[in-house]
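Have a look at the structure first, then work through the points below.

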Amino acid sequence: MPPPPQLPVIVALYALAAAAPGTPAWADERASEATPLFQVVGDGISQPLAGARGDAERGRALLVERAAANCLLCHAVSDPSMRVAGNVAPALDGVGRRLSAAQLRLRIADIQRVSPGTAMPSYYRVDSLDRVAAEYRGKPILDARQVEDIVAYLASLK
Ligand code: HEC
């Protein structure tokens, strides 16, 4: 019997992972070389993305600036610098009590895995997205350090 057609792809991915010692294991079979890699364990991503170290103050500044981290479009936070905010999503107050850093990291990087079809963008993924603005095509909305900064900030919201 011929092998299933997806087998060569899986073998190639194993080869890729084996050829890059020290990098985190690849995400899944949708991954390509252009895809930022992370490994989902259970309900979270336990390893910091690209080994970046998050800083809560920088993360807060990213939310205040809005720009690419447009979280306040949908989420409220009780912070005098974040008075104007949307309410289509749960407020982020106390989110660091409800969710671990690993859970926060997965929700920022790729919430579509947790809530398929949700309005929230996957901020650290470049594959299988539709409706991607031209400026973001082929690169994640936030880079690894920005995601880690926001993880650190949300983790501090106890
Ligand atoms: C377009 C609207 C939108 C934007 C922008 C958005 N989110 Fe969300 N977010 C949501 C929705 C809706 C949910 C609820 C997900 C669901 O359907 O379960 C959510 C869920 C979450 C959760 C899980 C909350 C919980 O209590 O389980 C976190 C954490 C989160 N968002 C963080 C962020 C961060 C950080 C940003 C910015 C980098 C952001 N979101 C941007 C809409 C948005």
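A residue is called buried if 20 or more other C-beta atoms lie within 10 Å of its own. By that count, 28% of the 158 residues in the protein chain are buried. Keep in mind that this is a predicted model.

**How confident is the prediction?**
- Averaged over the protein chain, the pLDDT comes to 82, and 73% of the residues score at least 70.
- Residues 7-33 are a stretch to treat with care: the pLDDT there is below 50. In the model, this stretch still has 26 contacts beyond near neighbours in sequence.

**The overall build**
- What do you get if you count up helices and strands? The protein chain has five helices and zero strands.
- Walk along the sequence and the pattern reads α-α-α-α-α.
- Take the contacts between residues at least 6 apart in sequence: 52% of them join residues at least 24 apart.

**Around the ligand**
- How many residues surround the ligand? The answer is 22, and the closest are Cys-71, Cys-74, Ala-89, Ser-115 and Met-120.
- H4 supplies the largest share, with three residues.
- Sorted by class, the shell holds 16 nonpolar residues, four polar ones and two charged ones.

**Where H2 meets H5**
- Two packed helices are described by the angle between their axes and by the distance between those axes.
- For H2 and H5, the angle is about 100° and the axes are 7 Å apart. Angles of 65 to 115 degrees count as roughly perpendicular, so H2 is roughly perpendicular to H5.
- On the H2 side, the contact is made by Ala-56, Arg-58, Gly-59, Arg-60, Leu-62 and Leu-63. H5 brings in Gln-146, Asp-149, Ile-150, Ala-152 and Tyr-153.
- The residues of this H2 and H5 contact split into six nonpolar, two polar and three charged.

**A closer look at Gly-42**
- You'll find Gly-42 in the loop between helix H1 (7-19) and helix H2 (56-65).
- Is Gly-42 buried or exposed? Gly-42 counts as exposed, because it has 9 C-beta neighbours inside 10 Å, and the cut-off for exposed is 12 or fewer.
- Gly-42 and Ala-102 sit 60 residues apart in sequence, yet their C-alpha atoms are 9.6 Å apart in space.

Note on methods:
Residues numbered from 1 in each chain as written. Predicted model: local features only at pLDDT ≥ 70, side-chain atom pairs only at ≥ 80, totals over all residues. Near = placed C-beta within 6 Å. Helix = DSSP H or I, 4+ residues; strand = E, 2+ residues; numbered from the N terminus. Nonpolar A, V, L, I, M, F, W, Y, C, P; charged D, E, K, R; others polar. pLDDT = per-residue confidence, 0-100. Contact = placed C-beta atoms within 7 Å. Axes fitted to C-alpha atoms, helices over the stretch in contact; angles between N-to-C directions. Parallel < 35°, antiparallel > 145°, perpendicular 65-115°, else oblique.
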